[in-house]
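Here are my notes on the structure, written for someone new to reading one. Please keep the sequence and the 3D view open while going through the points.

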Amino acid sequence: MSTVEVNGTVLGTESFGARDAPLLLLAGGPTMLSWPDALCERLAAGGRRVVRYDLRDSGESATADPQAPAYTLRTLAADAAALAGVLGGGRAHLAGIGVGGMVAQVAALDHPDAFAALTLVGTRPVAPGPPDPDLPDHDGPTMARLFAAPMPDWTDRAAVARFAAAGAEVLGDDPAAARTTAARIWDRAPATTAPVQLANHLGAVFARLDCTPRWRERLPALALPALVVHGRRDRFFPLGNGEALAREIPGARLLVLDRAATALPATAAAEVAAAVLALDRRAPTD
């Protein structure tokens with residue numbers, strides 16, 4: 001683990017693989033632990049230097065006030081581009097998952113010279129909130145069950161882990177994996193205060209960010225190899241969202257994980273790593 005200062009803030013990072021290998025940059029959603037260790041290790045074994053990082057107000061990155069963030073979605077996108085430049089290794093392959101996928105889309109659009117390839121996992125082409133009429137919204141019955149559960153005591157590590165496991169079961173993800181990841185996220189947070197833990201586990205800060213102007217209409221202008229990965233069983237961002245991304249980004253490949261839901265399961269690491277490495281072979285090397 002290490003920290004890197006960019007754009008006047010500090011980002012927590014973790015690297016896998018040789019330092020002089022081509023760079024694969026993984027944005028979190030919002031913490032780096034959204035990316036399974038197994039996937040990072042497989043990518044590193046494939047000859048890539050993998051750098052996953054925590055977004056602002058999460059994990060080992062700088063925490064200001066997650067209840068009133070003084071930055072926008074485009075600030076987070078600029079962070080990704082600046083981090084790629086600081087780390088070196090040429091233009092980066094940028095990947096984002098969930099809300100981190102929204103950051104990745106904006107980063108690739110706003111900073112095209114920083115990135116050579118783009119991978120988007122379990123995300124959609126519009127900001128948090130109501131989707132466009134042609135995009136499937138969160139599954140209603142699933143959301144009703146999810147939000148019926150009382151919030152845990154965010155200062156209680158065990159309670160937060162149980163809450164995460166219960167939510168994963170509702171979403172169709174692996175409860176045991178969610179419990180373990182939630183405990184790791186709790187341990188990595190800079191404080192045990194409720195707002196900080198809430199921001200780390202639920203990414204609630206995104207509901208308070210300025211996500212304008214829209215970027216969906218700009219997606220056809222992307223001129224880099226792209227991969228869209230989506231779980232067929234995703235009830236949070238149903239598959240139609242990934243299908244729309246793959247249609248609207250020129251030449252994008254859609255990889256549907258038949259057994260996956262919202263989270264990226266470690267069991268899909270081999271399939272996803274193979275697709276990402278294949279995409280890198282299409283990317284420019286300068």
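1. Which residues have the most contacts inside the largest nonpolar core? This is a predicted model, and in it that core has 47 residues. Those with the most contacts inside it are L25, Y53, F115, L118, F206, L222 and I249. As background, nonpolar side chains in soluble globular proteins tend to be buried together.

2. Take L25 as an example from this core. Leaving aside neighbours within four places in sequence, L25 is in contact with V51 and Y53, with A80, L83, A84 and L87, with A92, H93, L94 and A95, and with F115.

3. The overall figures come next. The protein has 286 residues, and a compact globule with that number would have a radius of gyration near 19 Å; the value here is 17 Å, which agrees. The C-alpha trace spans about 50 × 40 × 35 Å along its principal axes. Of the 286 residues, 56% count as buried. The accessible surface comes to about 11800 Å², and carbon and sulfur atoms hold 54% of that.

4. Contacts across the sequence deserve a line of their own. Among contacts with a separation of 6 or more, 73% are between residues 24 or more positions apart.

5. The protein has nine helices and eight strands. An open sheet of eight strands runs in the order β1-β2-β4-β3-β5-β6-β7-β8, and its pairing is mixed. Why is one side of β1 and of β8 left without a neighbour in the sheet? Strands β1 (2-6) and β8 (253-257) stand at the edges and have a single partner strand each, so one side of each has no neighbour there. From one strand to the next, the twist averages 25 degrees.

6. β1 and β2 (residues 9-16) run antiparallel and are joined by five bridges. S2 stands opposite T13 in β2.

7. Helix α7 covers residues 194-202, and its buried residues are V196, Q197, A199, N200 and H201. What covers the buried residues of α7? The cover includes α5 (157-171) and α6 (175-188). After α7 comes G203, whose phi is positive, near 60 degrees.

Key:
Residues numbered from 1 in each chain as written. Predicted model: local features only at pLDDT ≥ 70, side-chain atom pairs only at ≥ 80, totals over all residues. Heavy atoms only, no water. Buried < 20%, exposed > 50% of the residue type's maximum accessible area, 1.4 Å probe, protein only. Helix = DSSP H or I, 4+ residues; strand = E, 2+ residues; numbered from the N terminus. Contact = heavy atoms within 4.5 Å. Core = buried A, V, L, I, M, F, W, Y, C linked by side-chain atoms within 4.5 Å. Pairing = 2+ DSSP bridges. Axes fitted to C-alpha atoms, helices over the stretch in contact; angles between N-to-C directions. Rg over C-alpha atoms; globule rule 2.2 N^0.38 Å. Areas by Shrake-Rupley, 256 points an atom, 1.4 Å probe, with all protein chains shown as cover.
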